[in-house]
Amino acid sequence: MALPYLNLREMEEAAAAVLSPAALAYYVGGANDEVTVRANRDGYAALKLRPRMLVDVSQVDVSTTVLGMPLAFPVGIAPCALHGLVHPDAEVATARAAAGMGSLMTLSTMSHRSLEDVAHAAPGQWWFQLYVYRDREVSRALIQRAEAAGAGALVVTVDTPYLGRREAIIRTPVHIAPGTVLPNVGPRRAGSEHLDDLSYFDSLLDPGLSWSDVAWLRAQTELPIVLKGLLTAEDADLAMQHGCHVWVSNHGGRQLDTAVTALDALPEIADAVAGRAEIYLDGGVMRGTDVLKALALGANAVFVARPALYGLALAGETGVRHTLALLREELCLALALCGRVRISDLGPDLIFRR
Ligand code: FNR
């Protein structure tokens, strides 16, 4: 099925028309005044490219690897909760789309489908995102399940000691039907895997999480660990000291409003990391040129959350494929128009500085 949307903005508009008010608030909403939500997108437009001419671009190659995993193009799907709010196949459809496109899905802890279902749908092409619970034994059990099911990495979200104040969601709350099982949330004990609303999930998160817990996590698994939600060179440095990779993110503007954008934070983090770890980025990526700019400034790959959810809402697996295909095609064209042939040709010289 060919979908008519020419770009991700058109998909966003179309999805807004089909989502329930609560799902729309949940997906689109950011924290407080949503300054950071807007800044995430605006930041890309403000950066100008320095294209080179008279380069043979008759063949461009956007393939790459992340943590040794081959990707057809350097765009993956960021973890986001509750895909089942918009499509019955939920995370399984998203995972199939990502794997089918040679991309990568990061499965949220807070998913409707189990990590084993996703592993089955996308063998070898998924990472698992972990929220560390107050109950470390529950977290340890989840890590073991993810490792046993073949996750390529453990992405530990560290910007969420508490959920940010998302006012649109407070106004129009998402209700998870009583009896719904979120199979990666909470222990597999009677009563504790059933959620009635998101505040229960908030209560599972541990605001006491600190670097000593990262050392504990590092000791629990052989999987590569990626810390998601870092925004400073200082924390990137600590991540490396703890043997972790770095995911630069402000959680799509859903946590600390007016936080620095990932794009703005990227140069200092790339300097601090200096090639010793991998760097990923998310937040506001809507165009192939956005991907290009993040890669030029030091990201190994970028991730999208909302655009994938819009695709899922519009057409399930086909819709998520459409999201990824648009980004891939736009990236190929932008690379060629910049006079670059492959991802490894990209560097900070691509970005204009006054
Ligand atoms: C998220 N995000 C997120 N992050 C995470 O680590 N675990 C999660 O469960 C979720 N859930 C979630 C739900 C929804 C509806 C959204 C929009 C986002 C944050 C996500 O991984 C990512 O950091 C940003 O959303 C990226 O920005 P874009 O691509 O949405 O602009």
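Guide: Let us begin with accessibility: a residue is buried under 20% relative accessible area, exposed over 50%, and partly exposed in between (1.4 Å probe, protein chains only). This is a predicted model, in which local features need pLDDT of at least 70 and side-chain atom pairs count only at pLDDT 80 or more, while totals for chains, interfaces and linings use all residues. Residues are numbered from 1 along each chain as its sequence is written, and side-chain values use heavy atoms, with hydrogens and water left out.

Visitor: How many salt bridges does the structure hold?

Guide: A salt bridge is a side-chain nitrogen of Lys or Arg within 4 Å of a carboxyl oxygen of Asp or Glu. The structure holds twelve of them. In one, D349 pairs with R340, their closest N and O atoms lying 3.1 Å apart. D349 counts as partly exposed, at 44% relative accessibility, whereas R340 counts as buried, at 5%.

Visitor: Where do R321 and E317 lie?

Guide: Both lie in helix α13 (residues 306-337), four residues apart, which is about one turn of the helix. R321 forms a salt bridge with E317, with 3.5 Å between the closest N and O atoms. R321 is partly exposed at a relative accessible area of 32%, and E317 is partly exposed at 26%.

Visitor: Why is helix α12 described as largely enclosed by the rest of the structure?

Guide: Eight of the nine residues of α12 (residues 288-296) are buried, so the helix is largely enclosed by the rest of the structure. Among the buried residues are D290, K293 and L295.

Visitor: Which elements do the buried residues of α12 pack against?

Guide: Contact here means heavy atoms within 4.5 Å. The buried residues of α12 pack against helices α3 (35-46), α11 (262-273) and α13, and against strands β3 (75-77), β9 (279-282) and β10 (301-304). Just after α12, G298 adopts a positive phi of about 125°.

Key
Helices (H or I, at least four residues) and strands (E, at least two) are DSSP runs, numbered from the N terminus.
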